[in-house]
Amino acid sequence: MSHVLLLNGPNLGTLGTRQPEIYGTTTPARIEAEVAEEIAARGWRLVAEQRNGEGELIDLLQQHGDAAGALVNPGALMIAGWGLRDALADFAPPWIEVHLTNVWARESFRHTSVTAPLAAGVVMGMGAFGYRLAARALTQLVPLGDKPD
C-alpha cells in the first residue's frame, strides 16, 4: 500500500488553539483523519508529520521520496525557506501546497511563496477543509496503479 505524506511546518502543531480567529478550531488530529478518509479509496495510508524546524522537514521529505504524493503546509517557511524549497524541488512525487488562510488577503510579506511555484497546485483560504480538497486533488493527479510500496 502506498502512502501520502502530510507535512505541516512551524507552529501548525498548535492548530485548534492557535489564533482560532485566524486559523480556526480544527485540530491536527481532525485534519489527519479527514485526509486519511479522503485518500482511503485509493488504498493509500497517511503519514502525518509536523515539525517546527526547517531541517527536520527536509529530512522527512528525503525519507518519504517513495510516497504517492504529499500535502505540504510550509507555514511561514513559504516566505524564506530556501532549504525547504530546494528539498521540495528534489521531491519527485506530486505535492500540493496548502494554506488555511488566503495569504493574499493578509499582510503583504505573505504574498510571495518560494515553495508554491514548485507545487502541482495550491489550495488556500478554505480553512481545514483545504486539506481535504488538496487530498482529493492528489487522488486525481496520481494515475491509478502508481507508487506501490
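In this predicted model, N11 is partly exposed, with 43% of relative accessible area. The residue sits in the loop that runs between strand β1, residues 3-8, and helix α1, residues 20-23. Its backbone is worth a look as well: the phi angle of N11 is near 70 degrees, a positive value in a residue that is not glycine.

The loop between β1 and α1 also holds Q19. Here again phi is positive, at about 35 degrees, although Q19 is not a glycine. With a relative accessibility of 37%, Q19 counts as partly exposed, because values between 20% and 50% fall in that class.

Attention now turns to charged side chains. Six salt bridges are found in the structure. One of them joins the side chains of E38 and R136, with a distance of 2.8 Å from N to O. E38 belongs to helix α2, which spans residues 28-40, while R136 belongs to helix α6, which spans residues 129-141, so this pair ties together parts of the chain that lie 98 residues apart in sequence. R136, at 40% relative accessibility, counts as partly exposed.

Salt bridges link E37, E38, R132 and R136 into a network.

R51 pairs with E49, and their closest N and O atoms are 2.9 Å apart. R51 is partly exposed at 27% relative accessibility, and E49 is partly exposed at 22%. R85 forms a salt bridge with D86, where the closest N and O atoms are 3.5 Å apart. This distance counts as a salt bridge because the cut-off is within 4 Å. For R85 the relative accessibility is 23%, which makes this arginine partly exposed. D86 is likewise partly exposed, with a value of 48%, because the exposed class begins over 50%.

Definitions and conventions: Residues are numbered from 1 along each chain as its sequence is written. This is a predicted model: local features need pLDDT of at least 70, side-chain atom pairs count only at pLDDT 80 or more; totals for chains, interfaces and linings use all residues. Side-chain values use heavy atoms; hydrogens and water are left out. Helices (H or I, at least four residues) and strands (E, at least two) are DSSP runs, numbered from the N terminus. Buried means under 20% relative accessible area, exposed over 50%, partly exposed in between (1.4 Å probe, protein chains only).
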